[in-house]
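This report looks at salt bridges. Which residues pair up, and where do they sit?

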Amino acid sequence: MNVMFKSTGKIILTVVLLIVALFFIFGVFTIVEPTEVAVVKRIGTINRTLERGSGVNMKWPFIESVTTIDLTPQQLEMTFSVDDDGAISKDLQTIGMSSVVIYTFKENDVINFVSNYTYSSLEKMLRTNMKSTLKEIIGKYSIYDLTSATEMISKEVWAAMNQKCMHMPIIITQLNVNNWDWSDAFDRQIAETMARTQQEKTAKADVAVAQAQAQKQIAEARAKFTADSINAATAKQVAITKSLGELEAAKNNAEAKRIAADAQAYENMKIAQNMEMMRKQWAHEEEMARLEKWNGIEPGSSATQYIVTPNYSALSSHTAK
């Protein structure tokens, strides 16, 4: 009986000593990775910091604790619902949204974090600052501007958040605001507005079509009027040209007839003149022939006797006795 008791006690003692040894071994050493820094507290008071990537470090078990801070970018997603956390837009609409905040710890300010914050309290403070900042910024925009101004709003919120978090041990490296949301009532209002807008667009389109058709008809009427005017002017010009041609032809014909009549009259005049000259020539020739046969004395009277030469010239004369 005593032998069994002693054997069982040894086993229990061995197990306890093994547990204590394991706890002691793993509690003595802490490892700091290249992307980490650590703060060591001794009995609740900050004692020292362990630099980034310092590797294996020793600490006193039970009396020292180590808080490790990851220096890689941390992402925090926050959603603000329309009902509880919504911001009020410039046109008094309640707006919900989602946001993503990416931040990193300030390496030289990790003691501030360990002294005054926990991870949960830090994220709670970020959410509080984010909520108030969104309300301030979104209040400058109407609900209709949100989608088109998302990038600008994100930049404004980012700058304001860094200003508010200046005393905190973090730097916000990136911030995005997206997934806008609003009330169902406004959704219905949008649907009604879109329906009215579509009706107005349809009515405007119908008016535009009617105007286009009217303009087309006016253009066609003008084109027809112009064509008719051109045709009428052309026909009139042709008629005038034809009339002028006929008048000119008549004038030319009359002129030709006048010229022909003048020519005929001239010819007749010349013929008459020629006939008169011929008659005179004939009379002269008859007189010359008579003179050639005349003896110079008129029958039954005394007269001067002319001697006529063959050239019909009177060379001398004498008085017959």
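A salt bridge here is a side-chain nitrogen of Lys or Arg within 4 Å of a carboxyl oxygen of Asp or Glu. The model is a predicted one. By this rule, eight salt bridges are counted.

| Pair | Closest N and O atoms |
|---|---|
| Glu64 and Arg42 | 2.6 Å |
| Arg48 and Glu64 | 3.1 Å |
| Glu156 and Lys140 | 3.0 Å |

**Around Glu64**

Glu64 forms a salt bridge with Arg42. This pair links distant parts of the chain, 22 residues apart. Glu64 belongs to strand S5 (residues 64-70), and Arg42 to strand S2 (residues 36-42). Glu64 is buried, at 5% relative accessible area. Arg42 is partly exposed, at 33%.

Glu64 also forms a salt bridge with Arg48. Arg48 lies in strand S3 (residues 45-50) and Glu64 in strand S5, so this pair ties together parts 16 residues apart in sequence. Arg48 is partly exposed, with a relative accessible area of 26%.

**Around Glu156**

Glu156 pairs with Lys140 in a salt bridge. Glu156 sits in helix H4 (residues 150-164), while Lys140 is in the loop between helix H3 (119-138) and H4, so the pair ties together parts 16 residues apart in sequence. Is Glu156 buried or partly exposed? Glu156 is partly exposed, because its relative accessible area is 22% and buried means under 20%.

**One network**

Which residues do shared partners join? Arg42, Arg48 and Glu64 form one network, through salt bridges that share partners.

Definitions and conventions:
Residues are numbered from 1 along each chain as its sequence is written. This is a predicted model: local features need pLDDT of at least 70, side-chain atom pairs count only at pLDDT 80 or more; totals for chains, interfaces and linings use all residues. Side-chain values use heavy atoms; hydrogens and water are left out. Helices (H or I, at least four residues) and strands (E, at least two) are DSSP runs, numbered from the N terminus. Buried means under 20% relative accessible area, exposed over 50%, partly exposed in between (1.4 Å probe, protein chains only).
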